[in-house]
Each structure stands twice: as structure tokens, then as C-alpha cells.
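Let's take a friendly walk through one part of this model. Please have the sequence and the 3D view open as you read.

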Amino acid sequence: MPRWFPLTEADDEFVRTAPVRCEHVADLPAPPPVVWRVLTADDALVSWSRLITRAEWTSPPEPGATRLVTLGGALTLDERFYRWEEARRMTFTVDRATGPGLRRFAEDLVLDAVPGGTRLRWTFASEPVLAVAAKPLVPLLRRVTAGLPRGLARRVEEAR
């Protein structure tokens, strides 16, 4: 049984002001309901991300949903969705992780209809336990998460 490290709950203010924060914007070639279906599917993340090696909904994908996500087979995050606006927006906080180092972590995904599809704004927000690590982590987080919207775009193309 893995050891769990509790994280402090994140909220919208944290998503806007986190010490380690990056945002990716991607235009996807499908309307918001199709993108939403891909984001909430049983194979969400693992079917289009090399970073995510396991994702399991631990409750139905709906308001208040919970999910376990494993990165690289090494770190598991216990996510709780505090915002769930069908085909429009989802935001989650991480309640606990199987590794130390994070004080808070959240993601916010916003879908806007645009001509030809959907504009996705995906924000990653985190706070390391050691404040001195924040500044060096920004480029790393940006690089690590940059592939997620690209992988999602490929999966959306297949789902259309």
C-alpha cells in the first residue's frame, strides 16, 4: 500500500496566483461536447498522453468526481473536481499524492466554442513544499505539460 502525502486544498484564487503556474492554449478541431467526451472518457489521459500511465475514475465523471492519476508509473495523484460545467469547464484540486514535495496542485480546463472547433485553455498550478524550488520549476512544468494539449488534439481528431 503506498504512502500518501496530504496536500492543501486549492481553489480558483490559487489557480490564478500559484507560484508555479503555466497555461497552454490549443485550438481543437471539434466542438466542445466532443472534446468534453474525450476529456471525461474512461481512457482519458492514458490514451493520448505518454506522461500519464494510469487514470482511474473512482466515482462517476460528474460534479464532485474523483480520480486517481499516475504519472510515469511513479507518482499517483488523488484528484477531486470542484468545478464541473458540462462541455464548458472543469477544475480539480489534488487532495493527496504518493510522493512528497507538493503543498498544493490544481488544474483548470476551459472549453470555448470557436469557428472550426474548440479553444482549450488548460492551466496548471502548483506550489512546492520548498518555496525556493518554485521559480526553477516553472520551465519544467511548462515543458512536461506542453504535450498534453497536443495529444488531446490527436485523440479529438480520432473521436470526431
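## An exposed leucine

Leu 130 has a relative accessible area of 58%, and because exposed means over 50%, this residue counts as exposed. Keep in mind that the model is a predicted one.

Where does Leu 130 sit? Its place is the loop that links β8 (117–128) with α3 (134–145). Together with Val 129 and Val 132, Leu 130 makes a nonpolar surface patch of about 310 Å².

Which residues of α3 are buried? Ala 134, Leu 141 and Thr 145 are. Around the axis they cover an arc of only 10°, so they lie on the same side of α3. Lys 135, Pro 136 and Arg 143 are exposed on the other side of this helix.

The buried residues of α3 have packing partners in β2 (20–28), β8 and α4 (147–159).

## Helix α4 and its neighbours

Now for α4, a helix of 13 residues. From first C-alpha to last, α4 reaches 19 Å, close to the 18 Å expected at 1.5 Å a residue.

Buried in α4 are Leu 148, Pro 149, Gly 151, Leu 152, Ala 153 and Val 156. What do the buried residues of α4 pack against? Their partners are β2, α2 (32–40), β8 and α3.

Notes
Residues numbered from 1 in each chain as written. Predicted model: local features only at pLDDT ≥ 70, side-chain atom pairs only at ≥ 80, totals over all residues. Heavy atoms only, no water. Patch = residues over 30% accessible without salt bridge, like charges linked within 9 Å, V, L, I, M, F, W, Y side chains within 5 Å. Areas by Shrake-Rupley, 256 points an atom, 1.4 Å probe, with all protein chains shown as cover. Salt bridge = Lys/Arg side-chain N within 4 Å of Asp/Glu carboxyl O. Helix = DSSP H or I, 4+ residues; strand = E, 2+ residues; numbered from the N terminus. Buried < 20%, exposed > 50% of the residue type's maximum accessible area, 1.4 Å probe, protein only. Arc of directions from axis to C-beta. Contact = heavy atoms within 4.5 Å. Expected span 1.5 Å × (residues − 1).
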